[in-house]
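Have the sequence and the structure side by side as you read.

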Amino acid sequence: MTPGPLPVGAWPGADHSTDPYLPGHGNGGYRVLHYDLDLDYRVTGNRLAGKAVITARAVQPLSRFTLDLGQFRVQDVKVDGRPAKFTHRPDKIRIKPDKPIGYGSTFKIEIRYAGRPTPISGRWGDIGWDELTDGALVASQPIGAPSWFPCNDLPGDKATFLVTVTAPSAYTVLVTGDLVAQRRGPGSTTWVYERDEPTSPYLMGVQVGRYEVIELAPGRVVQRAAIPPRLRSTFRHDFGRHGEIMIALERMLGPYPFREYVVVVADDDLDDPIEAQGMAVFGRNHLDGRRTHERLVVHELAHQWFGNSLTVADWRHIWLNEGFATYAEWLWSAVSGGPTAAAHAAQWHAWAARQPAVVTVADPGVDAMFDPLVYKRGALTLHALRSRIGEAAFFALLRSWVAEHRHRTVTTEQFREHAARFAPYPLDGLFDAWLDRPELPALPWTL
């Protein structure tokens, strides 16, 4: 069927994004300002019913637009309170409002939906809302957010959130945000969380389990943990230095960027910890009573600065998340009496030299986004920079990078320009060698 003429001065928003790696996720024509999510979750049967009210601003005149949403039954859609025509096919919902939306206008989309939340399938496996043995968790990086709510699934489209979750009272519900209300009813409890710092959809999460909530560490920053009660003793040992880790990272990177930090330990094994804004989720297999995985504890906490407060504008720049968090591991090792950052750099440089020279750190390609070389060579880039400009300039650079881009999006080019301000001579050659070419440079003199 040939579509009819568009209203004068209005065009459809794109059903794809400008992200060069994942153009199928994200949409064009608008920016989201706020998500208000009201969810009812039944643990038995893994059933989710939701109402999403999304406030957005048009960046062009819109006759229709799209959102990302997984395999739910969409019951109805309204735009500015008026019923809207829509179609829904995995993983896009296409909406035609009753009347066109003008350029610069703020508008509200209301979507009611229900079903079994199903992870989004991709080249990294199934990602998103995941049913546990007894409860659920969300692991959304990089494409899983539409598995539980309609969104503009772009890392650079950061918005504020209000998330209300009703679940059986036997379960604790944790959402990435500040708990602002809790109401107990007959058989169920409603939890209300607010995330008022700009947040990418992939960094939002819901964790549901039979958890005990305890203090993680005292200090300036509120630090809490939600754990299976039977793991309390092992957790206390393995996370026993968390307060010291927080102090050390604040000293090196600047103030922790959120009001609190929450660690969740799921009573299931997880392949890797899960990063979320103001939260990290570990599996029970990450506890062994020997602090074997303490480097991961540091890595996930460092992501609150690099990845969450400062978020990549698109996935090409992922080394700004992972290289920085990896280098934070090396920095903590040095200050806590372990091997120095120079020792780690030498070890991982030798490892990288044995790998095929096929990954360009600044633009690794979608298949190599999570390649260990992005993590380790990203950290080596920072160590080379530190060696070149010296201790004082390097840590001043890190703290100002974090402060000037707080709760914003960042790119590799911005970091290169920022670093140039702290060097007495041009750094182009250093970044060209470490970021722009797959061949591994020689390890410089190390600190």
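## A salt bridge at Asp-98

Let's start with Asp-98, which is partly exposed at a relative accessible area of 46%. Keep in mind as you look around that this is a predicted model. Asp-98 pairs up with Arg-82 in a salt bridge, and their closest N and O atoms sit 2.8 Å apart. The aspartate is in the loop between β8 (91-96) and β9 (106-115), while Arg-82 belongs to strand β6 (residues 82-83), so the bridge ties together parts that are 16 residues apart in sequence. Arg-82 is also partly exposed, with 45% relative accessibility.

How many salt bridges does the structure hold? The count comes to 27. One of them joins the side chains of Arg-284 and Asp-269, at 3.1 Å from N to O. This pair links distant parts of the chain: Arg-284 lies in the loop between β22 (279-283) and α3 (294-302), and Asp-269 in the loop between β20 (260-266) and β21 (274-276), 15 residues apart. Arg-284 has a relative accessible area of 33%, so it goes down as partly exposed.

Then there's Arg-386 with Glu-391, whose side chains meet in a salt bridge at 2.5 Å, N to O. Here the arginine is buried, at a relative accessible area of 10%, whereas Glu-391 is partly exposed at 37%. Elsewhere, salt bridges with shared partners connect Asp-178, Arg-195, Asp-196, Glu-197 and Arg-259 into one network.

## Where α4 meets α6

Arg-386 turns up again in the contact between two helices, on the α6 side. In general, two packed helices are described by the angle between their axes and the distance between the axes. For helix α4 (residues 319-335) and helix α6 (residues 372-389), the axes come within 7 Å and cross at roughly 65°. That angle makes α4 roughly perpendicular to α6. As for handedness, the crossing of α4 and α6 is right-handed.

Which residues do the meeting? From α4 you'll find Trp-319, Glu-322, Gly-323, Phe-324, Thr-326, Tyr-327, Trp-330 and Leu-331. Facing them from α6 are Val-374, Tyr-375, Lys-376, Gly-378, Ala-379, Leu-380, Thr-381, Leu-382, His-383 and Arg-386. Sorted by class, the contact of α4 with α6 has ten nonpolar, five polar and three charged residues.

Is Asn-321 buried or exposed? Its relative accessibility is 0%, so Asn-321 counts as buried. Setting aside residues up to four places away in sequence, Asn-321 touches Tyr-202, His-303, Phe-306, Gly-307, Leu-310 and Val-312.

## Leu-39 in strand β2

Last stop: Leu-39, in strand β2 (residues 30-42). Leu-39 has a relative accessible area of 1%, which means it is buried. Apart from its neighbours within four places in sequence, Leu-39 is in contact with Leu-48, Ala-49, Gly-50, Tyr-113, Trp-148, Val-163, Thr-164, Val-165 and Thr-166.

Tyr-113 is a handy one to pick out from that list. Leu-39 and Tyr-113 are 74 residues apart in sequence, yet their C-alpha atoms are 9.7 Å apart in space.

Note on methods. Residues numbered from 1 in each chain as written. Predicted model: local features only at pLDDT ≥ 70, side-chain atom pairs only at ≥ 80, totals over all residues. Heavy atoms only, no water. Axes fitted to C-alpha atoms, helices over the stretch in contact; angles between N-to-C directions. Helix = DSSP H or I, 4+ residues; strand = E, 2+ residues; numbered from the N terminus. Parallel < 35°, antiparallel > 145°, perpendicular 65-115°, else oblique. Left-handed = near helix turned anticlockwise from the far one by under 90°. Contact = heavy atoms within 4.5 Å. Nonpolar A, V, L, I, M, F, W, Y, C, P; charged D, E, K, R; others polar. Buried < 20%, exposed > 50% of the residue type's maximum accessible area, 1.4 Å probe, protein only. Salt bridge = Lys/Arg side-chain N within 4 Å of Asp/Glu carboxyl O.
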